[in-house]
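Open your viewer and get ready to select residues as we go.

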Amino acid sequence: MIDLHTVPTANGYKASIMLEELALDYRVHSYDLRKGDNFDPQFLAINPVARLPTIVDHDAGDGAPLAVYGSAAILIYLAEKTGRLLPVTGRARAKTLEWVGIVSGDVGPAFSGQFAFNVVAPEKLPWAISYYDKLCLRMAGVLEQQLGKTTYLVGDEYSIADIIAYPVATVSMKRFPGSLDGHPHLARWAALVGARPAVQRGMQVPA
Ligand SMILES: N[C@@H](CCC(=O)N[C@@H](CS)C(=O)NCC(=O)O)C(=O)O
């Protein structure tokens with residue numbers, strides 16, 4: 001059994017899609033960040049970073065529960081636990097991990113920054129807004145270029161790279177003015193991934 005501590009955000013959906021794809025048994029614990037649920041001492045004992053998503057695997061194989069925080073770490077851990085959705089060796093594994101890193105470290109934070117400065121910030125700073133708008137377009141262009149060459153982010157095989165990118169493309173990018181306009185390859189891929197029943201179920205967690 002796995003406990004999934006999560007929120008209805010792009011990062012949360014990455015973990016729930018992965019659990020659905022793998023058909024693993026899991027229980028959902030939903031948090032309200034506006035109420036500061038993530039600073040509850042019980043959750044801090046599991047994840048001192050106080051962020052979601054976090055899983056606790058009660059069947060980690062060594063007799064002790066294992067807590068793993070962060071969408072990328074969770075996806076890689078579960079892929080390795082089950083031997084699915086991450087090539088085991090070689091070029092395809094390296095490229096899959098590279099795309100997991102690009103989406104987590106480059107694409108996702110660009111859209112988070114764009115949202116923070118465009119929508120959340122009480123004071124609208126033109127330089128910051130322009131910086132993040134340009135960065136988002138550049139990052140969407142990176143995905144568009146790759147998906148113009150391959151069916152999925154890494155070749156013809158669906159992988160954790162697609163799972164980590166799908167909520168960013170459909171939740172975070174949707175908030176960006178113009179959304180996926182002018183990115184036909186990205187839109188084609190989003191429709192392909194979004195048609196998967198496990199993806200649809202994962203996007204409904206927490207209910
Ligand atoms: N690098 C982490 C980022 C996780 C993250 O930013 N979580 C947000 C929700 S989407 C959070 O828990 N924020 C609460 C806070 O920072 O107080 C991941 O990829 O999962």
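**Stop one: the core**

Of the 52 residues in the largest nonpolar core, select Met18, Leu78 and Trp189, which touch the most other members. Keep in mind that this is a predicted model. Next, colour the elements that each supply at least two residues of this core: strand E1 (2–6) and helices H1 (10–21), H3 (71–82), H4 (90–120), H5 (126–147), H6 (160–172) and H7 (184–194). H6 gives the largest share, eight residues. Where does this core lie relative to domain 1 (2–85) and domain 2 (90–196)? Both domains give residues to it, so the core lies between them.

Now zoom in on Trp189. Leaving out residues up to four places away in sequence, Trp189 touches Leu147, Thr151, Tyr152, Leu153, Asp162, Ala165, Tyr166 and Ala169.

**Stop two: a helix pair**

Select H3 and H4. Their axes are 10 Å apart, and the helices pack at an angle of about 155 degrees. Angles over 145 degrees count as roughly antiparallel. H3 and H4 are therefore roughly antiparallel to each other. Their crossing is right-handed. Show the side chains at the contact: Ala72, Ile76 and Glu80 from H3, and Arg93, Leu97, Val100 and Ser104 from H4.

**Stop three: a loop residue**

Go to the loop between H6 and H7 and pick Arg175. Is Arg175 buried, partly exposed or exposed? Its relative accessibility is 41%, so Arg175 counts as partly exposed. Setting aside neighbours within four places in sequence, Arg175 is in contact with Phe111 and Phe115. Finally, draw a distance from Arg175 to Ala165, ten residues apart along the chain: their C-alpha atoms are separated by 15 Å.

Definitions and conventions: Residues numbered from 1 in each chain as written. Predicted model: local features only at pLDDT ≥ 70, side-chain atom pairs only at ≥ 80, totals over all residues. Heavy atoms only, no water. Core = buried A, V, L, I, M, F, W, Y, C linked by side-chain atoms within 4.5 Å. Buried < 20%, exposed > 50% of the residue type's maximum accessible area, 1.4 Å probe, protein only. Helix = DSSP H or I, 4+ residues; strand = E, 2+ residues; numbered from the N terminus. Domains from an automatic or database assignment. Contact = heavy atoms within 4.5 Å. Axes fitted to C-alpha atoms, helices over the stretch in contact; angles between N-to-C directions. Parallel < 35°, antiparallel > 145°, perpendicular 65-115°, else oblique. Left-handed = near helix turned anticlockwise from the far one by under 90°.
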